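Subject: Structure handover

Hello,

Here is the structure you will be taking over. Please open it alongside this note, which goes through what was found.

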Amino acid sequence: MRVFAPVSGKVVAMEDVPDPVFAQAIVGPGLAIEPDADATKALAPVSGRIAKIHPHAVVIEAEAKGVLAHLGLNTVELNGQGFTLHAADNEDVQAGQIIIEWDPQAVREGGRSAIVPVVAMQAKAEDVHGLVAPGEHVNAGQALLEWD
Amino acid sequence: MSKAETILEGLGGFDNIVEIEPCITRLRVQVNDAALVDDAKLKSAGIFGLMKSGTAVQVVVGPEADNIADDIEDLR
């Protein structure tokens, strides 16, 4: 299964995400994206059903797999402020569809990281292949991961 | 004992919990006394991981975090 970048920005290795749960791949492997300042539209990384959406994060189920995109770190503390949802729980979405609007620059100015971990939930590390190298720039909607 | 009951007990029960906030894959918990948190008990609930920093405890439970938080509230 192909997983697409939810936002444009610089690709970062998961182990370099400044959050131990993501960095240690406790919920799964993947890649993170340090979003461009104008990456205000977060796209569905896969086509599937929304298992759970929060203002700052979404899990989409597809082919019995779960893909998590988390917009920034500790952004749950913002209680949804600055985030606009364009999808709801249990809704079917297409990869590339806008599901959340937010302002990564405002998140940074609020003293939080705006990094977006994209996680292949509970996947084996060897089944998940990065298609963009850390340090490179990725555009929203561009292929990011291949999950066997 | 259900997963929610085990986690609740591992956190030292409701008396020790200031707040539980589910966030997609983890329960972000503020406790009164970190010494009352029983790591072994929490791990016996089949959790993915545990992060502790003072009285802030994060119990990584996977995608069912919201449901587990609801189940814990239901025990109140």
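First, a term. A residue is buried under 20% relative accessible area, exposed over 50%, and partly exposed in between, using a 1.4 Å probe and protein chains only. Helices (H or I, at least four residues) and strands (E, at least two) are DSSP runs, numbered from the N terminus.

Now the conventions. This is a predicted model, where local features need pLDDT of at least 70 and side-chain atom pairs count only at pLDDT 80 or more, while totals for chains, interfaces and linings use all residues. Residues are numbered from 1 along each chain as its sequence is written, chains are lettered from A and ligands numbered from 1 in the order in which they are written, and side-chain values use heavy atoms, with hydrogens and water left out.

Chain B

Chain B has three helices and four strands. Along the sequence they follow the pattern α-β-β-α-β-β-α. The C-alpha atoms fill a box of roughly 25 × 25 × 20 Å along the principal axes. The radius of gyration is taken over C-alpha atoms, and the globule rule is 2.2 Å times the number of residues to the power 0.38. For 76 residues, a compact globule would come near 11 Å; chain B has 11 Å, which agrees. Of those 76 residues, 47% are buried.

Contact means heavy atoms within 4.5 Å. Among contacts in chain B with a separation of 6 or more, 58% are between residues 24 or more positions apart.

Look at helix H1 (residues 3-10) of chain B. Its buried residues are B:Ala4, B:Thr6, B:Ile7, B:Leu8 and B:Gly10. They pack against strand S1 (17-23), strand S2 (26-31), helix H2 (39-44) and helix H3 (65-74) of chain B. Just after H1(B), B:Gly12 takes a positive phi of about 90°.

Chain A

Chain A has two helices and 14 strands. Its C-alpha trace spans about 35 × 30 × 25 Å along the principal axes. A compact globule of 148 residues would have a radius of gyration near 15 Å; chain A has 13 Å, which agrees. Buried residues make up 51% of the 148. Among contacts in chain A between residues at least 6 apart in sequence, 71% join residues at least 24 apart.

The cores

A nonpolar core is a set of buried Ala, Val, Leu, Ile, Met, Phe, Trp, Tyr and Cys residues joined through side-chain atoms within 4.5 Å. The largest has 37 residues. Those with the most contacts inside it are A:Ile50, A:Ile60, A:Ile99, A:Trp102 and A:Leu144. Several strands of chain A each supply at least two residues of this core, including S5 (48-54), S6 (57-62) and S10 (98-101). Apart from it lies another core, of 21 residues, among them B:Leu27, B:Leu50, B:Val61 and B:Ile72.

A:Trp102 deserves a look. Beyond residues up to four places away in sequence, A:Trp102 touches a list that includes A:Val7, A:Pro35, A:Phe83 and A:Val116.

Strand pairing

Two strands pair if DSSP finds at least two bridges between them. An open sheet of three strands in chain A has the order S4-S10-S8, with antiparallel pairing. Its edge strands are S4 (41-43) and S8 (84-85), each pairing on one side only. Three bridges join S4(A) to S10(A). One partner pair there is A:Ala42 and A:Ile100.

Strand S14(A) is largely enclosed by the rest of the structure, because four of its five residues are buried. Strand S1 (residues 2-4) of chain A pairs with S14(A) in the antiparallel sense over three bridges. Strand S12 (residues 128-130) of chain A also pairs antiparallel with S14(A), over three bridges. A:Glu146 stands opposite A:Arg2 and is the bridge partner of A:His129.

A:His70 sits in strand S7 (residues 65-70) of chain A. With a relative accessible area of 5%, A:His70 is buried. Its side chain reaches the backbone oxygen of A:Gly72 at 2.7 Å. Leaving aside neighbours within four places in sequence, the contacts of A:His70 include A:Phe22, A:His56, A:Ile115 and B:Cys23.

A:Gly110 lies in the loop between helix H2 (104-109) and S11 of chain A. At 48% relative accessibility, A:Gly110 counts as partly exposed. A:Gly110 and A:Val46 are 64 residues apart in sequence and 29 Å apart in space, C-alpha to C-alpha.

Best wishes

Definitions and conventions:
Polar contact = N/O pair within 3.5 Å; in protein donor to acceptor, adjacent residues only side chain to side chain.
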